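Welcome! Take a look at the model first, then work along.

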Amino acid sequence: MAAAKAASPEAAKARRELKERYELRGFVSPLHALDGAELATTLAAFQRFESVHRRRICEWDSSREMNHAWMPWLRDLARHSGIVSAVREAFGRSDICLYATELLTIQPGQFPAPYSDWQTDAPAFNLMLKPVDRRHFVTAFLALTACDRRHGCLHVRPTAVGGRASDVDVPLELRPGEFSLHGPSTKHCLCSNNSAQALCLVVLRYIRASTVDLHGEEHGKEDVLLVSGTDEQGHFEEMPEFPAEGTQDGLDLRELMMEQRRDKALAGEVLKGREGLKRPLIDPSSYTVTELLMCGTFKSIHVAKWGAGKHCVVVKRVLNRKLLREVRKHFHEARILEKLSHPCILQLVGLVDGPDQLDMLLEYCPEGAMPGRLTHQARGTSVQLLCDLICALVYMHQEGFAHLDVKPNNVLVSSGRGKLCDFETTMHLPKSRRLFLCGIGTLGYRAPEVDRELECDATKADVWSLGRVGEFAEDSVRGIWSGMGSLTAANPELRPSTQMVLGMYRKLHGSCLLIT
């Protein structure tokens, strides 16, 4: 009895310190959950999912998500007393639900694409839940294998309440069976696995039962797993539990939960997209499509007559409004274009959000794209087009943006002047200008450091792409890019800034250029 009393103040102190660290810094690590037979059993179940069950999921890209619907061992893990008690201390409340799960395997030499860039959980979950703050939402990263710097551990940046993050990079090294907690506004990323062993991680996302389901009335209440306390508000449905592993009923439940989650995320993304736009939406009846320019898998491009004056505009249309990724990219591009205003950047006319169409109206460039205009016969125009591209990038970098998909087909031509287009990949830059860029851009015009999935200066990645465009132009118009080889230097630090590139290009071509 005396020993129990002596331990009580220590336990109370540990709980108090956990809560204080989580509140002040936005994360806590390391915390202990599994060891011995418990760890071995969980790792075996994880590996069984990878080798046996995962292949049964139709949509491979999302196959790591929401598998607690048909994996009872994952539900048991989410209810583990060591994890739930830590979440309880972080929230300061005992009514807790499991909202989402992920099973991550990072193979040797692999870069963890979903977590490769610095990110926070809040933007994605703000689309569906309210509130999403560190007292209502927390993410646990549980290591089933060694998770250190060599294996690619989670890195965080201490984040004060309100979302202000420091520039300090803190690696959260975990032994097998340990876990970390971080809040929804805490910046985090995973680094590549440079070991010879696969890294196995379980991601558990918890919410307080009092959290509001933003789209419950429109799309129905979501199924969640109550892991502690009671759900007195009834904002969610209690998730059915199938006791056997890998049942078809459980898999069907997962598919229903994923579909409902996608619908709610889509509804939230559309609402966020509308609210994020400064200019009013355009009436769908105010323009008439006259010509199809391109039809792809996800988007189509048209020419249309718009307004009383029947002005020509380009219509960029999302073909399937249920594809969250495409809707997100569509609104992202519109928001970027609203912030950019330059003669050498394609201008946004407006957005159309009707029941049957999601369109973006853009400035019309009747002379097509750069490749068709690069000729010896029109040398002056060719020289000017490259100058306009450089000017567009100088402006973007000064405004704190990187384009990240610079290529000849993304430079359109109107009245002999170039206009940079396609801003779906454009990113706002942090002060350091450094980002983890994974698979962004077009092969052949993508900087080598992006191909190697390294943290890099995004403006220097644009410079490399610009250099490749210049080399492409040089093949058609000899001498147009002479002496500009430093742009494609393998070492990004040896590449000039876009402002320096403009000076070099002016020196090469003299007073014939129009600088904007």
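A contact means heavy atoms within 4.5 Å. This is a predicted model, in which local features need pLDDT of at least 70, side-chain atom pairs count only at pLDDT 80 or more, and totals for chains, interfaces and linings use all residues. Residues are numbered from 1 along each chain as its sequence is written, and side-chain values use heavy atoms, with hydrogens and water left out.

**Exercise 1.** Find what share of contacts joins residues at least 24 apart.

*Solution.* Start with contacts in the chain between residues at least 6 apart in sequence. Of these, 72% join residues at least 24 apart.

**Exercise 2.** Compare the radius of gyration of the chain with that of a compact globule.

*Solution.* First, take the rule over C-alpha atoms: 2.2 Å times the number of residues to the power 0.38. Next, look at the spans of the C-alpha trace along its principal axes: about 95 × 50 × 40 Å.

**Exercise 3.** Describe helix 9, its length and its cover.

*Solution.* Helices are DSSP runs (H or I, at least four residues), numbered from the N terminus. Helix 9 covers residues 379-398 and reaches 29 Å from its first C-alpha to its last. That is close to the expected 28 Å, taken as 1.5 Å times one less than its number of residues. Now the cover: 16 of the 20 residues in helix 9 are buried (under 20% relative accessible area, 1.4 Å probe, protein chains only). Finally, Gly 400 follows helix 9 with a positive phi near 90°.

Technical notes
Helix = DSSP H or I, 4+ residues; strand = E, 2+ residues; numbered from the N terminus. Buried < 20%, exposed > 50% of the residue type's maximum accessible area, 1.4 Å probe, protein only.
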